[in-house]
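Trainee: Could you take me through the sheets of this model and the terms used for them?

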Amino acid sequence: MKLSTPIEYVKGVGPQRGEKLQSELGVLTCEDLLNLFPFRYNDRSQFHKVNQLHPDMPNVQIVGKLRHIQEFGKPRQRRLSAKLVDETGTVELVWFKGVQWVKKNLKEGVDYVLFGKPSIFKGKINFAHPELEPLSKANARKKASLEPVYSTTEKLTGVGLHSKGLAKLIKTVLDSGEIRFEETMSKELMEHYKLIDKTKAYHIVHQPPDSRSLQMARYRLKFEELFFVQMQILRSKLNRQEKYKGFVFERVGENFNNFYQNHLPFELTRAQKRVMKELRRDLGTGEQMNRLLQGDVGSGKTMVALLTMLIAIDNGYQCAMIAPTEILANQHYVTLKEQLEGTGINVDLLTGSIKKSDRKPIHEQLEKGETNILVGTHALLQESVRFANLGIVVIDEQHRFGVAQRSKMWRKNTRPPHVLVMSATPIPRTLAMTLYGDLSVSVIDELPPGRKPIETIHKRDQHRLEVFGFLKKEIEKGRQVYIVYPLIEESAKMDYKDLMDGYEAISRAFPPPDYRISIVHGKMKAEDKDYEMQQFVDGNTQIMVATTVIEVGVNVPNASVMVIESAERFGLSQLHQLRGRVGRGAEQSYCVLMTGNKLSAEARKRMETMVRTQDGFEVAEVDLELRGPGDIMGTQQSGVLNLQIADLAKDGKLLQLARHAAIQVLKEDPKLELPQNSNVAKGYAKVQKERPNWGRIS
Ligand code: ADP
Ligand code: MG
């Protein structure tokens, strides 16, 4: 059997299973099969006693005698229960499916090795559908202590290809003794990074003799995967730099200087100044700038964007600023108008809700070049929006835009304009390096002076009255308060009910005329939303009850408390974003996380993280750890993170190592032409052919 052998020719596969392997997992050949890596290994060398078991444990192994096999339930839903007994106690076993098979194959009074996940049912340790193997048989078999576990699908399980079935096929292929992978790493890389032979690594990963060699094998394969990902990104960056020349913003002129000296409402923070320098350097080089500006909520990214746009204007170019929501676009528009008053710079606004008849003059002025800065939403991406001379595009909250959308802006001038994307969702470094390996990154890691840290408190629902009391005190001091309810699309109806119930309770607890309440939710008309919002912004209402529509944008410095209801239903980055709505003034601010009593371990970790830190990067790291990279920033839909063995959440260090290695190789040999890189060149050509081009992502 060769790597290229079609999968149906492998003994035990055949046309039917072959077809399923293809449609379910995309496995066409032996090579594809070997690229299904175990996602976990069961340690079969460890045994527990019944009295040590606990429902929080993962899969465990115990040995005991099978007793009391019993059928129960209605005739059409026969179930089976049994007990397994060792010298320390008894556990319950239960089967909901395959009852006949179990009945036929299991015998009372025999010693079995059980493998499964303990849970608790009616106060007793219980195993549903455990794996049982007669002890005699287990002893006779030379057991692998590390048993690979593969992910599979329901349809594959239906044709006998559960994890064990896949393991067996893989073993058949590997045991044929004919499998050879071509080495893709150079001798130099293998020596320097201590990489083991590729073919050997595949054998070990699927049939590990011990955990030490497994580690070496996984390291080797992950390294290779990350190395080529980085190589794609780096090469495409080189290509782009060759292909596109950027506009040169060579001077800082009147508009910038006038604004800086006469209109800047505050002194820039050190971080803002540093980032400005980085930007100016980029803009003057003649390369097209693609820069990601990261900075926590409230760190003052907008001012950096404005100053950058002024440089573009000084050099005769127009600017576009795009925000993900109308509320945010409006707010940017208003802020820019205010700050640029008296400077002679023209700012205009274009969003979806602007009437057709009102758009004509906006388009005209834009095409004539009279508009200096056009602020807007997705509406700006439309082809009908034409600039006279677009020089820079600023994209706020960039994680809400897809790559394709961003690239639309590239075509709005003869050369691609410079691009500054801003994100308040701090993307962990590892992910940024991969996703945006092609972007330069600037970080504002400092908040404007005078901000007090926000105090974050976790409260259970039964303490709501106490929380209300606290809110009253804050309101008495003249502060304003947000109370936010979750909004999740699938259960929008229920959320609406929660919101309305909550609103009623709040109205009762905070009666007029002492208290005035605004409410904003997704079902309201835009005008009504804006009206309510404005009431709160103007300080006419003290409480804002809302769904997460307020997540991005709104800036009310007098608001000092953010109460998040059902906080366990929010993801970490959303909680962090919401918290960022307060703490914008000089007063002490608070964030109160309200949850039910029963929390999953993960939800508990989210609450603890929020209480522990206010550092967006730290929050993002935990988020990545909890959710995995696929969930972050819609990367899942784009299929961007289809790594086979490496894990961006866990392999950050290795990623840096692989990136470094790729940089070194390309530095010496940008086209991979040197003889010592022939392995790498072949490997790279294969990756280019088979894998999506990572370099295009950003
Ligand atoms: P974000 O980075 O979240 O977009 P903003 O740009 O909205 O933050 O800034 C938050 C607030 O801080 C705004 O009211 C802004 O005017 C103010 N701000 C920005 N930079 C400074 C500074 N250097 N000193 C004082 N206030 C600042
Ligand atoms: Mg902002």
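This is a predicted model: local features need pLDDT of at least 70, side-chain atom pairs count only at pLDDT 80 or more; totals for chains, interfaces and linings use all residues.

Mentor: Residues are numbered from 1 along each chain as its sequence is written, chains are lettered from A and ligands numbered from 1 in the order in which they are written, and side-chain values use heavy atoms, with hydrogens and water left out.

Trainee: What makes β21 and β22 a pair?

Mentor: Strands are DSSP runs of E with at least two residues, helices are runs of H or I with at least four, and both are numbered from the N terminus. Two strands pair if DSSP finds at least two bridges between them; β21 (residues 559-564) and β22 (residues 590-595) have 4 bridges, in the parallel sense, and therefore count as paired. Within this pairing, V563 stands opposite V592 in β22.

Trainee: Why is one side of β17 and of β19 left without a neighbour in the sheet?

Mentor: The open sheet of 6 strands has the order β17-β22-β21-β18-β20-β19, with parallel pairing. Because β17 (455-460) and β19 (517-520) stand at its edges, each has a single partner strand.

Trainee: Which strands does helix α19 lie across, and at what angle does the helix run to β19?

Mentor: Helix α19 (residues 526-537) lies across β18, β19, β20 and β21, where contact means heavy atoms within 4.5 Å. The helix runs at about 145° to β19, on a scale from 0 to 180 degrees between N-to-C directions, with axes fitted to C-alpha atoms, for helices over the stretch in contact.
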